[in-house]
Amino acid sequence: MPALLYALGFLTVYLLAICTPWGQRAENALFDLGKQGSEEAWIYPLSGSEYGSTPLPPMELSAKPTLMAGLAVIVVLTLVRRCWRQGCAALGIVILTTGSKEVFKSAMPRPDLVGARENLLDQGFPSGHTAIPAALTLAAVLVVSPRIRPYVATAGVLWLACIAAASATMGGHRPSEVLGATLLACACYGLATWLLPPAAVPGATRSPRALPVITLTLALAVALVSGARNDTLTRSLVSAATAFICAALVWYAAVGRPAHTARRTRPALG
């Protein structure tokens, strides 16, 4: 089932990027490209790191308020549309994603396999800032009307592309941490939809033929701009590529395939 594939992807990213010397060296090398700090990133004025600036949700101190507001919107949509099972599943996606992220970060310390600098030893896998837009987007597609589901997914994917690229290019998270958070959210979405009764699971979403191309093209553009830095092209492109992969994963999970595969039924005795 898709949840298992996403979970295997999550573990693979962790094992290769965090638990191997060459994986750590490759990602640590990104921090040595260009100047230290995040001031050279184009999105720095919107990050909340600059004194007196308003952070783009869910960056910096806006993470918890964004999460609470997203949960409140899901509850309101559930009450309005009276989609109780989908609403509970949507809440479960967000809670399980963010909760699993905290448990994993505390239970799996980052090993130092290459003698890295002290400021590179903090455990940031998976990225909490990326997990929030990924989980809220996947939760929202469960509780909104089928007519607007593709457009909600598009908005969420563009939001995710921006936050994922910004998190990677500003040095708050490595590319593996951003990708791991997205895979974790997709795994929770796959599990939630698999547990729902078939009648309560959204079917394959019909959307305009051009919408996937438009969405992914815009996501690439947003990722390039959000990941851009003035001092290093390599780090900018790596951050943008990672964010685009995250956007594509969430788009595919949300509307690119049927959310549910029919379970086997017990054969009738005759």
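1. Let's start with L4, which sits in helix α1 (helices are DSSP runs of H or I at least four residues long, numbered from the N terminus). L4 counts as partly exposed because its relative accessibility is 47%; buried means under 20% relative accessible area, exposed means over 50%, and partly exposed is in between, with a 1.4 Å probe and protein chains only.

2. A quick word on the model before going on. This is a predicted model, where local features need pLDDT of at least 70, side-chain atom pairs count only at pLDDT 80 or more, and totals for chains, interfaces and linings use all residues. Residues are numbered from 1 along each chain as its sequence is written, and side-chain values use heavy atoms, leaving out hydrogens and water.

3. Back to L4: together with M1, L5, L8, L96, L191, W194 and L195, L4 makes a nonpolar surface patch of about 750 Å². Patch residues have over 30% relative accessible area and no salt bridge, and nonpolar side chains (Val, Leu, Ile, Met, Phe, Trp, Tyr) are joined within 5 Å, like charges within 9 Å. A salt bridge here is a side-chain nitrogen of Lys or Arg within 4 Å of a carboxyl oxygen of Asp or Glu, and the areas come from the Shrake-Rupley method with a 1.4 Å probe, only the protein chains shown counting as cover for residues. Helices α1 (2–18) and α7 (175–195) each give the patch at least two residues.

4. Now follow α7 to its partner, helix α4 (residues 84–107): the two pack at an angle of about 145°, their axes 9 Å apart. Axes are lines fitted to C-alpha atoms, for helices over the stretch in contact, and angles run from 0 to 180 degrees between N-to-C directions. On the α4 side, A89, I93, L96, T97, S100 and K101 meet L184, A185, C188, Y189, L191 and A192 of α7; contact means heavy atoms within 4.5 Å.

5. Also in α7 is E177. Is E177 buried or exposed? E177 is buried, because its relative accessibility is 2%. Setting aside neighbours within four places in sequence, E177 touches R110, G124, F125, P126, S127 and G172.

6. For contrast, look at V80 in helix α3 (residues 63–81). V80 counts as exposed because its relative accessible area is 62%. From V80 to L158 is 78 residues in sequence and 26 Å in space, C-alpha to C-alpha.

7. Last, find G52 in the loop between α2 (21–31) and α3. With 72% relative accessibility, G52 is exposed. G52 and A254 lie 202 residues apart in sequence and 36 Å apart in space, C-alpha to C-alpha.
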